[in-house]
Amino acid sequence: MRMELNKHVGDLGNIECDDHGVANIVFSDDVASLKGPYSIVGKAIVIHALTDDYGLGGNEESLRTGNAGTRLACCVIEKVDKLPIRAYKAIKTAKQYQN
């Protein structure tokens, strides 16, 4: 994931998926939060087809979209009281591979 100082609150960086299109990620962010003035609750996540070049592609489209390509999927971030068992297992598995 990208860790640059000049990002906006909703810029969560690039993620990679496996050959089946599955991506399980656990991350923390120094700006985005689940509460307060930088809350991302109620905001959308958009998954694009290509890697974001962060405006460094040398063309106008790069400055507008990061040359990230077609939008593949989206969702709205919600805060829940309790994670479904399936999500809990995915997070537990992902934490095993951190560090």
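This is a short talk on the fold, the surface and a few residues of one protein chain.

First, the ground rules. The model is predicted, so local features need pLDDT of at least 70 and side-chain atom pairs count only at pLDDT 80 or more, while totals for chains, interfaces and linings use all residues. Residues are numbered from 1 along each chain as its sequence is written, and side-chain values use heavy atoms, with hydrogens and water left out.

Start with the fold. The chain has two helices and two strands. Here helices (H or I, at least four residues) and strands (E, at least two) are DSSP runs, numbered from the N terminus. Along the sequence, the pattern reads β-α-β-α.

Now burial. Buried means under 20% relative accessible area, exposed means over 50%, and partly exposed is in between (1.4 Å probe, protein chains only). Of the 99 residues, 12% count as buried. The accessible surface comes to about 8400 Å², and carbon and sulfur atoms hold 53% of that. Those areas come from the Shrake-Rupley method with a 1.4 Å probe; for residues, only the protein chains shown count as cover.

Next, contacts, meaning heavy atoms within 4.5 Å. Take those between residues at least 6 apart in sequence: 42% join residues at least 24 apart.

Leaving aside neighbours within four places in sequence, Ser 62 contacts Asp 53, Gly 55, Leu 56, Gly 57 and Asn 67.

Compare Leu 50. Leu 50 sits in the loop between E1 and helix H1 (60–65). Leu 50 is exposed, at 53%. Beyond four places in sequence, Leu 50 touches Asn 67, Ala 68 and Gly 69.

How many salt bridges does the structure hold? One. A salt bridge is a side-chain nitrogen of Lys or Arg within 4 Å of a carboxyl oxygen of Asp or Glu. The partners are Glu 61 and Arg 64, at 2.5 Å, N to O. They are three residues apart in helix H1, so about one helical turn separates them. Glu 61 is partly exposed at 33%. Arg 64 is exposed at 60%.

Last, the surface. Ile 15, Ile 25, Phe 27, Ile 47 and Leu 72 make a nonpolar patch of about 420 Å². Patch residues have over 30% relative accessible area and no salt bridge; like charges are joined within 9 Å, nonpolar side chains (Val, Leu, Ile, Met, Phe, Trp, Tyr) within 5 Å. Ile 25 is in the segment before strand E1 (44–48). Ile 25 is partly exposed, at 41%.
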